[in-house]
Amino acid sequence: MPDILEVKNLSVEINKKKTLKGINIKIETGQIYVLFGPNGSGKTSLLMTIMGFPGYKIKEGGIFFEGREITKKTVDERARLGIGMGFQLPQDIRGVKLIDILKICAGKKPTAELSPGEKALIDRFNLTDLLERDVNLDYSGGEKKRAEMLQLLLMKPKLLLLDEPDSGVDLESLKLIGEEIQEYVRKNNASALLITHQGYILEYLKAQRACVLLDSTIHCHNKPQVILNDIRKKGYRKCVKCWEGKTKK
Ligand SMILES: Nc1ncnc2c1ncn2[C@@H]1O[C@H](COP(=O)(O)OP(=O)(O)O)[C@@H](O)[C@H]1O
Ligand SMILES: [Mg+2]
């Protein structure tokens, strides 16, 4: 199976500040990768750069999606190709009702009807009471994350970039979000790059690889739960050193 995404030697600046330096990562089609790393290591910047946000200036390197270079493509071009992002802190959108944006995400006009499958998805996300309210305005933290995930899944991306979909959500929502991501990836042979700190979401979805972003280098391993336990016990740096030592032997 070809790689859905390849990031090659990527260096990025935001507001003239070097944020990422020589990043490399490949994501295989149909797989879920989790990305760990200390605060400020550049995880969000990496996802924002893959999505193509203009503030993230690529100084070196390239991004390839399904084997084609997308480094110079705009956010909307990348979204049309099948890249979608769920934000760490979803923004309020005053004057836009949730139901309308959900229809737009599903590729429909606000006046159109949703399909039974789309309606069932909305029901499962338990957001029926919020449909007539403005997007994210005065939602709880967990409601924002559920609304964000629902919008993303309705767009049917091939690659999901998920920035801490589990932070600030209650236990029931965590289970729902984790299981919905897993089911979506399985049914659509989609792929995901998912940032998490606590890793609790890993109880509800099966990630094939865990990566740690540290000092602008991504270290990947195929045992996410082992890596998470190692990070808890030893911290990021010692964990990476220890497992790289083992693979060299
Ligand atoms: N708009 C910005 N202007 C300047 N520096 C930024 C901006 N956004 C992020 N940074 C800096 O880039 C670094 C990486 O941030 P970020 O990608 O958010 O890290 P993470 O998601 O791993 O916590 C941090 O030092 C952060 O302060
Ligand atoms: Mg972040």
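Predicted model: local features only at pLDDT ≥ 70, side-chain atom pairs only at ≥ 80, totals over all residues.
**Exercise 1. Place Ser216 in the fold and decide how exposed it is.**

Step 1: Find the elements on either side. Ser216 sits in the loop that joins β11 (209-214) to β12 (217-221).

Step 2: Count neighbours. A residue needs 20 or more other C-beta atoms within 10 Å to be buried, and 12 or fewer to be exposed. Ser216 has 17 C-beta neighbours inside 10 Å, so it counts as partly exposed.

Step 3: See who it touches. Skipping neighbours within four places in sequence, the contacts of Ser216 are Leu20, Lys21, Gly22, Ile23 and Gly42. Take Gly42: it is 174 residues from Ser216 in sequence, yet their C-alpha atoms are 7.5 Å apart.

**Exercise 2. Check the length of helix α5 and work out how much of it is buried.**

Step 1: Start with the length. Helix α5 covers residues 141-154. At 1.5 Å a residue, its 14 residues should span 20 Å, and the end C-alpha atoms are 20 Å apart, which agrees.

Step 2: Go on to burial. Twelve of the 14 residues of α5 are buried, so the rest of the structure largely encloses this helix. Among the buried ones are Glu143, Lys144, Lys145 and Arg146, along with Leu150, Leu152, Leu153 and Leu154.

Step 3: α5 is followed by Lys156, whose phi is positive, near 55 degrees.

**Exercise 3. Describe how α5 packs with α3, and then with α6.**

Step 1: Take α3 (residues 98-105). Its axis comes within 7 Å of the axis of α5, and the two cross at roughly 30 degrees. Angles under 35 degrees count as roughly parallel, so α3 is roughly parallel to α5. The crossing is right-handed.

Step 2: Name the residues. From α3 come Leu98, Ile101, Leu102 and Cys105, and from α5 come Ala147, Leu150, Gln151 and Leu154. Sorted by class, this contact has seven nonpolar residues, one polar and no charged ones.

Step 3: Check the spacing. An α-helix has 3.6 residues a turn, so residues three or four places apart point the same way. Now look back at the α5 list and find Ala147, Leu150, Gln151 and Leu154 in your structure.

Step 4: Turn to α6. Here the axes are 11 Å apart and the angle is about 10 degrees, which makes α5 roughly parallel to α6. Gly142, Lys145, Arg146, Met149 and Leu153 of α5 meet Ser173, Ile177, Glu180 and Tyr184 of α6. This contact divides into four nonpolar, two polar and three charged residues.

**Exercise 4. Describe helix α1 and what comes after it.**

Step 1: Count the covered residues. Helix α1 (residues 43-51) has nine residues, and seven of them are buried, so it is mostly covered. The buried ones are Lys43, Ser45, Leu46, Leu47, Met48, Thr49 and Ile50.

Step 2: Gly52 follows α1 and has a positive phi, near 100 degrees.

**Exercise 5. Work out where Leu81 and Gly235 lie and how exposed each one is.**

Step 1: Leu81 belongs to helix α2 (residues 75-81). It has 15 other C-beta atoms within 10 Å, so Leu81 is partly exposed. Beyond four places in sequence, Leu81 is in contact with Phe65 and Ile70.

Step 2: Gly235 is in the loop between α7 (224-234) and α8 (236-248). With 11 other C-beta atoms within 10 Å, Gly235 is exposed.

Notes
Residues numbered from 1 in each chain as written. Chains lettered and ligands numbered in written order. Axes fitted to C-alpha atoms, helices over the stretch in contact; angles between N-to-C directions. Helix = DSSP H or I, 4+ residues; strand = E, 2+ residues; numbered from the N terminus. Parallel < 35°, antiparallel > 145°, perpendicular 65-115°, else oblique. Left-handed = near helix turned anticlockwise from the far one by under 90°. Contact = placed C-beta atoms within 7 Å. Nonpolar A, V, L, I, M, F, W, Y, C, P; charged D, E, K, R; others polar. Expected span 1.5 Å × (residues − 1).
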